Amino acid sequence: MVGVSDWQGSRQAPAGRPVPVGRPLLSLTLAAMLDDVHAHSGALYLLASREPVLEMAVMAGLPRAFAAPWERVGLSAPIPVADAVRERRLVWVSGEDQMAQRYPRIAVVLPYPFALAALPVATENAAYGAVYVTWPGSHPPELSDREREHLTTACDRLALRLERAAKEQQRVHHEPDLPTSAAAGSVADTLGTVEAARMVARLPYGLCALDLHGRVSFANAATAELLGLPVSRLLGAQLWASVPWLNDPVYEDRYRAALISQHVTSFVALRPPGDWLSFRLYPSTNGLSVRISRARAVSEMTRAGPQRGDDNARLVTISHVLSLASALTEAAGVQDVVQLVADEVAPAVGSQALAVLGTQAGRLHVLGHRGYPDAHIVERFDGLLLSAHTPGTQALNTGVPAFFESRQQLERLYPSRNATPDGMAAWAYLPLIASGRPVGTCVLAYQRPHSFPADERAVLTSLSGLIAQALERALLYDAKHQLAHGLQAALLPHSLPPLASIEAAARYLPATQGMDIGGDFYDLVPSHGRAAAVIGDVQGHNVTAAGLMGQLRTAVRAYTTVGQTPAEVMRSTNRLLIDLGTDLFASCLYLRLDPAREVAVMSRAGHPPPLLRRPDGKVRVLDLAGGPLLGIDASATYPSTEVPLVPGSVLALYTDGLIESPGVDIEDALADLGRRLAETGDQPLDELADSLVQHGETASRERLDDVALLLLRARD
């Protein structure tokens, strides 16, 4: 049944048995339209009866494979025929520039110079389908009044026929695609053809004919000799399918480009082992004529830059797209994305500088840039209002890419750029759209004037989509990273209090997996003329562990302030953790420093033993008596141990992340830490702390756990 849309849903004809339409209505209409406006290809769509989808019913002028991605088009798709039906108007695309800007999905697949008009097939009350027709790239930039009238009239007439068919329950079938016109076959024509074949056979270069599908319909003897295959092997087969060394997408692309644009195209191919052949393709509306000859010497081609090189450059660009897509999956933060664009995209497209711009609170922000001779010129745009008239804000606000091939083009639209020259001569402003919203703009800059042909614009537009998705993930990652670090910084001491008789230094390294936040904590608390130190580790490295860590640290400070002994502090903290009802456990080491008596009183709950470096350089592992982890047994006790702490002694308190790593015995790791403390213990305390956390693999490896270190040195 003919599909109908009245914008309230599909509407069916009255019940009854539908009668098929007798004549090839669609094919005749499409053929007449192409002939009236001298278009070289087109297709007619019908609206599906049960879904908002346009289905291609008949095509003419080109193989259907060229339009395969659009045989079924949703009405909401950003495609000309869908726009024409939705908006009930003629859609005109004048060439490859407009196609790349307005319909980049099509431009990526068909990056060739051609013009297109799409029209709805609709009455005042209902839509039945759509039509598009195309012309070669030489068509004037505007559709003439005559062409517009012919196309509109034909579509209106067809809509009335389809409306009548629906009312009369007549079925309108999809029809076979229209064949190309064949030449008349009179006797005189036949004799002329024979003579033409004899003439072509005498030519020293190859001549062959291809139909619209790329199949060889004629080849002379020189063609067979140059290609190395008999004519019988060539006839009826696609050229790139029958000749193995022509089985390359680049060569098929030249054939497609010639047919769609109706422009002469050419390429150079290497016939193994070392013969270069030149192919020149002359298109018409019913096929191609191909001239094949021996190419110039390779050295001459290198100097002149043959078209084969151009095709290779395009393939390199495609390989860079694949490389970028793979690399961007590994980019974590915004600066990773900026660096990958600088490393992968800019060299591939010949850009010498780039900037990635973002938006926040209605203002433009420079997220990163590379290659500009004067970085201050780029940074001046940071904080610019999005309402400002600049190419960067325009691309971000509209979502439409902008290409400026010279400074004159840019300054004609944006005169204010005269005041901020960046030393570049051409620019591509690519909006970065992810999840349906703008997340930034990528600016590619060139030191010399640079043309942007349609295929390059299509590639850059596709690249911008990949960059946008990576940037969206990176912005989210950086936001979470900043949140984690802010929370961690808020829960740990901003600085350690100065003490008269004790020098202290601390370090914290988050785990490299998860949210870069953990449950390790430390503190130094002055109390009643003395001081207390604590270090602990709540299991896990996530927000829950960090929150619990903050509660325990606050509790320890409170118990210390009221004067509890180390054993009492540990028992109180254990009961608090159990009362909180959490499933997490914690290890802890608490000590009360008494410099006047030159001792430290310690209590331990399942925590790694501290190290004591004496003034003579010898290191001792303080394997103190202790109790279980906090949060397990409400009745657990935590005995205290008094340890001498003479001036010049260094106590090293740490969490297990400092000594635990896969494949390393913990006893060996602890012994290694002791040796390092013995060798470097005379350094200033901050340098010593850096040395201990950065030694070996602690800083460079993938840390499965966070690391906390607290060093205490008794002064004279």
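These questions and answers cover the cores and sheets of a predicted model. Local features need pLDDT of at least 70, side-chain atom pairs count only at pLDDT 80 or more, and totals for chains, interfaces and linings use all residues. Residues are numbered from 1 along each chain as its sequence is written, and side-chain values use heavy atoms, with hydrogens and water left out.

Colleague: Which residues touch the most other members of the largest nonpolar core?

Modeller: A nonpolar core is a set of buried Ala, Val, Leu, Ile, Met, Phe, Trp, Tyr and Cys residues joined through side-chain atoms within 4.5 Å. Buried means under 20% relative accessible area, exposed over 50%, partly exposed in between (1.4 Å probe, protein chains only). The largest core holds 64 residues, and those touching the most other members are Leu246 and Phe279.

Colleague: Which helix gives the most to this core?

Modeller: Helices (H or I, at least four residues) and strands (E, at least two) are DSSP runs, numbered from the N terminus. The top contributor spans residues 249–261 and supplies seven residues. That is helix α10.

Colleague: In β18, what is the bridge partner of Val356?

Modeller: Strand β14 (residues 353–360) pairs with strand β18 (residues 437–446) in the antiparallel sense. Five bridges link the two. In β18, Val356 is bridged to Cys442.

Colleague: How many residues of strand β27 are buried?

Modeller: Val650, Ala652 and Tyr654 point one way from β27, while Leu651 and Leu653 point the other way. Both sets are buried. The strand (residues 650–654) is largely enclosed by the rest of the structure, because its buried count is five of five.

Colleague: In β28, which residue is the bridge partner of Tyr654?

Modeller: Strand β24 (residues 611–613) joins β27 antiparallel through three bridges, and Leu612 stands opposite Leu651. Strand β28 (residues 707–714) also runs antiparallel to β27, with five bridges. In β28, Tyr654 is bridged to Leu709.

How values were computed. Two strands pair if DSSP finds at least two bridges between them.
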